[in-house]
Amino acid sequence: RVARRDRHRKQDTARARARVLARARVRQPMMIVPSLMSARATLPLTLTAVAVVAAVSVRPRVLDWLRVRSQLLWMHATLLGVNEDGASSTTDKLLRWPAVQWELYKLLQLEANHRLALPIPEQKAAAAAAVAPRRWWRRGPFAPRRQAAPMPMAADSPVIKDLVLVGGGHSHVQVIKMFGMKPQPGVQLTLVTRDVDTPYSGMLPGYCAGFYSWRECHIDLAKLTRFANGRLIHAEACGIDTEKKLLMLKGRPPIAYDVLSIDIGSTPKPLPNASPLEGVTPVKPIDGFCKRWDQIVSRVVSGTDDLVDGDQPVHLVVVGGGAGGVELTLAMQAKLVKELEALGRPPTRLRVSLISKSTQLMPQHTLGVRNRVERILCERGVNVVMGQSVEGAVDGVLHLSGGGQLPFDEVVWCTQAGAAEWLRDTGLDLDANGFIAVQPTLESTNVHGVFAAGDCAAVLEHPRPKAGVFAVRQGPPLANNLRHALLGEALEPFTPQSVFMGLIGTGDGSCIASRGPLAIEGAWLWELKDWIDRVFMAQYSELLPDMDGGAADQPAEVARNLGEDALETLAHASMRCGGCGAKVGATVLSRVLRRLRDEGHLPPTPPSVLVGIDSPDDCAVLAPSALPSVHTVDFFRSFIADPFTFGQVAANHALSDCHAMGASPVGALAIAVVPFGLEAKVEETLFQMMAGACKMLGVADCALLGGHTCEGTELSLGFCITGTAPQKEIMSKGGMLPGQSLILTKPIGTGAIFAAEMRRAAPGAAVAAATSSMLLSNHQAAQCLLRFGSAGCTDVTGFGLLGHLVEMAQASRVRVALRMGQVPVLLGANEIVARGIFSSLQPANLRLRRAISNEAEALKHPNYPLLFDPQTAGGLLAAVRAERAEACVAELRALGYPHAQVIGTTLQALPEGEVCVSSYVDCEV
């Protein structure tokens, strides 16, 4: 507006001056010459003023662009003498000089993007602004390019096809993001991964050098999968049945797929005659290496300030002379020397060696790169052994192929990659090294519908080295072809690049660039590499867009190639009957029960069950027992995407009431709600959920008696549990006595963590820890508490720790003291509530804060909000005699309850009659 106003003023002034000159030209013609002379004299001043106004009025980004381009133009001018090292003659140098300068020009273009890039928080704001509608007249010539608005997340719709991704490699993280940005209605995306945090291999040397934290170089797969509205299965794949289209998993039933993609990376080839216990640490899996690296750092920096006679320095040996081994060697050496210098200790406490099977380091790179690397290794005192391989490791000594021996304290194994062993039994075509053979479309050469990418794949027509850059580049074409396969469309071939930019960090803030004939070194290259890596990681965390919910189209596009049955099923999706018309069909039920029985998932039926699931009837019949019977019921909708895990949690939650009273479960009746869909998908979901439930029922020696299934909008599961217990051994909420210790067997925080997980705000590690806690049965804990004479017990569930503690205090009529600092809390729970994220049940539970006598003091403790956090499958809260409490906790921890803790004591008994609510709980801060 200011510029437009100034422009209008200048136009008005020019028109007025033109009118004055016209009148003067008529009245006094001789005045024209002096006027022209005056205008000529003021021309430089006018041009200067115009330049100033233009510079002020244009966007600041234009000035930045001009500044950066000028800097890089000068930088390129100073580097015109750079050429490929090792040219055989002057003629070769002249012929190769244009190619080197062209690669240098492209490198400087990348540096220009780096210098012009906005910080990551500003990038997210700019992306959001670019999506917003803008008037055409407000778009300047250098305005940022408008981005396409993110696609709305797919609403709940019947599942037509299952896309299963195995492994969280560099290609798959891009697939997940692309399916999150553009969901495919009717497709259920499932990620099967052994680790919920996947490392970025390009940042591993920087992590070793101390430039990055563990969190900065890992992608949170749980958050990313939630962004894509997919489900994450925390398990390890171990096989594939390509005929039945089943993926085999360790410790649980196989899962069905329609389209399968594998990106599990690679592993270093094992060292002959050695094991990890002998000080040999493979780089992969990277998580195991990261933990071991912290121990190596502690070992080197510990000890005396100087070496005395007879002492030997810590000898670190890196096996592998490729780019990864060299970069890792430089990073580790720089980090350890820096740590020693910070403690005032001499670098002589450390000795580093590098072993290469090849006679050259980094043989895939040019002579110029190799010369620079060898110079840096020599300057740092690294002992380089080339042309020899390691044949074995015995008693702290490496035996080399040339007959030599090299003593070591720590060995880092970073050799040529190998394939996972279980791929050999899948029936997939493999190359000579055991990697999955794929076509240029990244589909298996012999099995339709199975894809592979990253290090575990070998594109036969375009062989490339095992490098992260190729896995990253395969992500978009893999996502496109997976979508084509789901839709029954033709696949598109992909030709990977033959030359890539290699940025090799030296661990001290410098870097070597290698691309084609180019070899250049400098600190600015490390800043460029750091920027590239951080932006790549931010794409899967901070820069993920906030997707808007919205109704998705019916998945007819996916169902079309399945035939008329699928289309007819979808046509009736919105007209489902209620009442008994909503029951799951008998054919589906019979098949599910047959699979549960044939695959050994059903728990054994005890003699007390006269009529059960083995001989179905209208009711289950139990034999009468001389012991009192215990009955409980629980039911809730799914909050976990994995139906097998949800079935386990639902069963464990229902059984906990029985355990809390010291009863032995006998039988369970299930009520299950399954979302409507294709018959095969409904059957698979029901089978997975009931298989998980049966696994937990089997742990408690509880038989599945029968149940009821129906269709609904959300996956839900509940159980009615029947048990028995000797009357004298029944634990109850009213069994506490004054002077006892309060014991909690499991940590709290599940409500807040899964509330954050629904908002895509919970770390994957926190979700994994909460899930593991919910899967821990209270069966053995209850038996332990009975052995230590507990008579007062309850399970901590929906009312939160404080709510159930108040129930026990009221029933027992005793005051209790709660030690706030002793309450065990799940990983990440405190950070989540500190950000203001709570369960939807938290406000109702918060009403019981009036039971705290010193609420103002309790508010100061960070654990205070979690006292009201509702728990799912929580631990047992019990009272034990004070003198036996520590022994009871020790036994609980030995039984597999590592967070069991004494969290308070019971005080004096309350008098008979009405008692003020605020007299029940004292919080010790």
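What share of the contacts in the chain with a separation of 6 or more comes from residues 24 or more positions apart? It's 76%, where contact means heavy atoms within 4.5 Å.

Okay, some ground rules. This is a predicted model, with residues numbered from 1 along each chain as its sequence is written, and local features need pLDDT of at least 70, side-chain atom pairs count only at pLDDT 80 or more, while totals for chains, interfaces and linings use all residues. Side-chain values use heavy atoms, with hydrogens and water left out.

So, the overall view. The chain has 27 helices and 37 strands; those are DSSP runs numbered from the N terminus, H or I of at least four residues for helices, E of at least two for strands. Of the 925 residues, 49% are buried, meaning under 20% relative accessible area with a 1.4 Å probe, protein chains only.

Now two helix pairs. Take H7, residues 170-181, and H13, residues 468-487: their axes come within 7 Å and cross at roughly 45°. Axes here are lines fitted to C-alpha atoms, for helices over the stretch in contact, and angles run from 0 to 180 degrees between N-to-C directions. That makes H7 oblique to H13; under 35 degrees would be roughly parallel, over 145 roughly antiparallel, 65 to 115 roughly perpendicular, and the rest is oblique. On the H7 side, the residues that meet H13 include His172, Val175 and Phe179, and their partners in H13 include Ala471, Leu478 and Arg483. By class, that contact has 10 nonpolar, eight polar and one charged residues. Nonpolar is Ala, Val, Leu, Ile, Met, Phe, Trp, Tyr, Cys and Pro; charged is Asp, Glu, Lys and Arg; the others, Gly among them, are polar.

Next pair: H20, residues 750-758, and H21, residues 764-774, pack at about 135° with axes 10 Å apart, so they're oblique to each other too. Thr750, Ile753, Phe754 and Glu757 in H20 meet Ala766, Val767, Ala770, Thr771 and Met774 in H21. Here it's six nonpolar, two polar and one charged.

Last stop, Val196. Where does Val196 sit? In the loop between strand S2 (187-193) and strand S3 (197-199). Val196 is buried, at 10% relative accessible area. Its C-alpha is 9.2 Å from that of Pro763, 567 residues apart along the chain. Beyond its neighbours within four places in sequence, Val196 is in contact with, among them, Ile219, Leu232, Gly764 and Ala768.

Terms used:
Buried < 20%, exposed > 50% of the residue type's maximum accessible area, 1.4 Å probe, protein only.
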